[in-house]
Amino acid sequence: MTTIDAVETLLTRLVAIDSVTPWLVPTGAGEAQVARFIADWLADLPLEVALEEAAPGRPNVVARLRGTGGGPALLLNAHHDTVGYDNWRDRALVAERRDDRLIGLGTADDKAGVAACLLALRELCAGPRLRGDVVLVTVADEEGASIGTAHHVATHTADACIVVEPNDSRRVYVQSQGFGWIDITVHGRAAHGSAPEAGIDAVVRMAEVVRSLHRRDVEVYGAGPVPFNGRTVFHTSTIRGGTDYATYPASAVLGIEIGTQPGERLADRVREIEATFEEVRRVFPDLRAEVDVRLERFPFVAEGHERLLACADAAAMEVHGAPLEQIGFNAWADAALVQA
């Protein structure tokens, strides 16, 4: 079997296993079945393989190839969970080949990464031992709250790490944005539609908040992209409010995702959101609003990676005739947790 055949066969089998993170989709299958498949695939190799639960029924797979001693330990990190697939349920789990691509749920993000790491580990097992350990962890929940990598870094150590995410083999990410998931709540006062003097419309006030946030996105984030990482991420995500057609809405809740660049923290963004409330009060002096941070992840900047990068550049020269291009990422990956 050629390397391409091996990749296609393994990746097709991985895609066929439903592993939607229940953090994003409460009815998602979770990662237990795909983790068992990965552990079984490694069973014939001279490795120490364990399933380690990041949460009940949500395991990581940890596979260690012991070195001869005295060398640094290298961690390979890839994630075996996926997002949901309601909009293409009839074909998402059947990988379809189109020319030199496979199309299916998670083929790029990140079951190709898992397959690449598994096949690399098999190659390493067949060759001379390195001095240091090589550890592969395939993690749960990267598409959600990253409980898999959080669990691993709390219970294991390594000297260096490659986090395998979708990318061109000629490029390597050395920075990425952080992000926050935030709820903004605007309060009104419920009243029957026939009594406008008694009601305060939370939705109308929220509309003005959204307008103000959009203006900041265009005039500040859009006008000042950061070298490497690009434009600071911002978008509205969810909105809910009101109770029925006949009643003024007493509250409205807006969910947003917003990015942070290296050197920033989510508290900087919260202060900016609160400043937009002051703008809105010019229109609605009675505005009552609050910010609730649901999740914060810090930006990533690679540190101490020069020796590892030199090895990767040597491999890239052999394959492509040029060293890797170092780039940034205007999204987030688990590298930030490992680096921290």
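Apart from its neighbours within four places in sequence, aspartate 141 is in contact (heavy atoms within 4.5 Å) with Thr21, Trp23, Glu31, Arg58, Asp81, Ser146, Ile147 and Gly148. The model is predicted, so that local features need pLDDT of at least 70 and side-chain atom pairs count only at pLDDT 80 or more, while totals for chains, interfaces and linings use all residues. Residues are numbered from 1 along each chain as its sequence is written, and side-chain values use heavy atoms, with hydrogens and water left out.

Aspartate 141 is located in the loop between strand E6 (134-139) and helix H4 (147-155); helices (H or I, at least four residues) and strands (E, at least two) are DSSP runs numbered from the N terminus. With a relative accessible area of 0%, aspartate 141 is buried, where buried denotes under 20% relative accessible area, exposed over 50% and partly exposed in between (1.4 Å probe, protein chains only). Its side chain forms a polar contact of 2.8 Å with the side chain of threonine 21 and reaches the backbone nitrogen of alanine 145 at 2.9 Å. A polar contact is a pair of N or O atoms within 3.5 Å; within protein, one must be able to donate a hydrogen and the other to accept it, and residues adjacent in sequence count only if both atoms are side-chain atoms.

An open sheet is formed by four strands in the order E10-E11-E9-E12, with antiparallel pairing; two strands pair if DSSP finds at least two bridges between them. Strand E10 (234-241) and strand E12 (288-297) are the edge strands, each pairing on one side only. E10 and strand E11 (residues 251-260) pair over seven bridges. Helix H6 (residues 266-280) lies across E9, E11 and E12 and runs at about 160° to E12. Axes are lines fitted to C-alpha atoms, for helices over the stretch in contact, and angles run from 0 to 180 degrees between N-to-C directions.
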